[in-house]
Amino acid sequence: MRISIIGLGYVGLTIAVGAADGGHTVIGFDVNDALVAQLNAGKSHIEGISDSQLDGFVSSGLFTASFDPSVLEGSDVIVIAVPTPLDEKRNPDLSFVHAAADLIAMYVKSPSLIVNESTSYPGTLRKEIATRILGVDHLFASSPERVDPGNTRWGTKNTPRLIGGLTPEAVAKAREFYESFCDSIIEVSSPEVAEAAKIFENTFRQVNIALVNEFAQISDALGISSREVIEAAATKPYGFMPFSPGPGVGGHCIPVDPSYLAHVANEVGVPATFIKRANEVNLAMPAYVVKRVVAGAGGSIEGKSIVVVGVSYKANVADTRESSAAAVIDLLREQGATVVWHDNLVGSWRGETSSPLTAHDIAVVVTKHDGISDAAIKASGYVFDCTGTVSDVDGI
Ligand SMILES: NC(=O)c1ccc[n+]([C@@H]2O[C@H](COP(=O)([O-])OP(=O)(O)OC[C@H]3O[C@@H](n4cnc5c(N)ncnc54)[C@H](O)[C@@H]3O)[C@@H](O)[C@H]2O)c1
């Protein structure tokens, strides 16, 4: 099949490579011309897709990137994989999805299957996409992406894929496409079910992470280790799933997607109380971390030098979107500390660059990538670890 992917970020490039691997001819369209040039030169910008893998598909002609939307015409399948962030008021911002739909409406005149993989609330495919692309006999399906960047066990191939379509023909065509590179396809009765399943999965994580973050604070006040408690509770073979406390939640999904559910809940008059409370707890974690650091460092960090280790939102990825490291660093600085950060995967961020991991008065570990040495962290006078991976130091 000839496949077009709109948006070549974490999701779009992953699907592009999956589809090329399945033998399809893939055209990636992105508005970022520098990214397009980089991809056509065989240089990947995401973890999990190597330059050599990408270069192989570019050289064989199975993958081409373009910033010319006319390439979308003549596709068997068009996949939408564009950002779905929140606006300043933390409401859904569907402007990227609308822009992608409008490009299809403008440039695609022969019938295709249009699949939305971008995460959004139930009703997005039907009301926000299909209604903008009229006059051509397209098929429409929703298949929300579940990729977990950096996860080496679960990838596009072996993570079961949900499909819901506006018509049975759309579901059948989407199944034919995804079956060519995914092991397991699950058809659901409507696109709304598929869309809701994705945001409910992420809400489940958001709420449970908030619960464990609050529990970590209770445990600490009780003088017991929350991590030991969680490990003990996880020995129960049924009815319990362990989550780990941390400095908050980051990335494009967990801090954002539940607010999409809260938005539609509000529209139908049901208050999403758990989501609201979970947001409050998770957003307050950086302040809790800093409070513990100040207490652990003897009551004041004024004039102290601090290195924050790891500023991406999780280990072994360079993604800093919504990372709690930003709030941790800002709050440490507000308390009068001189703060640098070390993260070679990120390199540069917020106009600053990664510093070498050397001894400071205090080290605060927010994210620990593979290869970061505990000894180098422990060279600092006081260590506070948010990851539970550095032995015999303070932390959550
Ligand atoms: N990153 C993840 O782990 C993950 C996992 C599952 C689902 N999702 C969802 O997938 C969607 C995409 O996320 P992502 O992480 O790949 O985003 P991203 O920011 O990494 O990539 C999006 C790409 O879309 C491009 N783009 C924006 N507007 C465009 C337009 N009108 N036409 C063409 N290209 C356009 C951007 O230039 C960018 O390269 C979001 O809805 C997200 O919630 C992300």
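Me: How many salt bridges does the count come to by this rule?

Reply: The count comes to 17 salt bridges, where a salt bridge is a side-chain nitrogen of Lys or Arg within 4 Å of a carboxyl oxygen of Asp or Glu. This is a predicted model, in which local features need pLDDT of at least 70, side-chain atom pairs count only at pLDDT 80 or more, and totals for chains, interfaces and linings use all residues. Residues are numbered from 1 along each chain as its sequence is written, and side-chain values use heavy atoms, with hydrogens and water left out.

Me: Why is the contact between Asp102 and Arg132 called a salt bridge?

Reply: The N to O distance between the side chains of Asp102 and Arg132 is 2.9 Å, and the rule asks for a distance within 4 Å, so the pair qualifies. Asp102 lies in helix 4 (residues 95-107) and Arg132 in the loop between helix 5 (124-129) and strand 6 (139-142), so the pair ties together parts that are 30 residues apart in sequence; here helices (H or I, at least four residues) and strands (E, at least two) are DSSP runs, numbered from the N terminus.

Me: What makes Asp102 count as partly exposed?

Reply: Asp102 has a relative accessibility of 29%, and buried means under 20% relative accessible area, exposed over 50%, and partly exposed in between (1.4 Å probe, protein chains only), so Asp102 counts as partly exposed. Arg132, with a relative accessible area of 33%, is therefore partly exposed as well.
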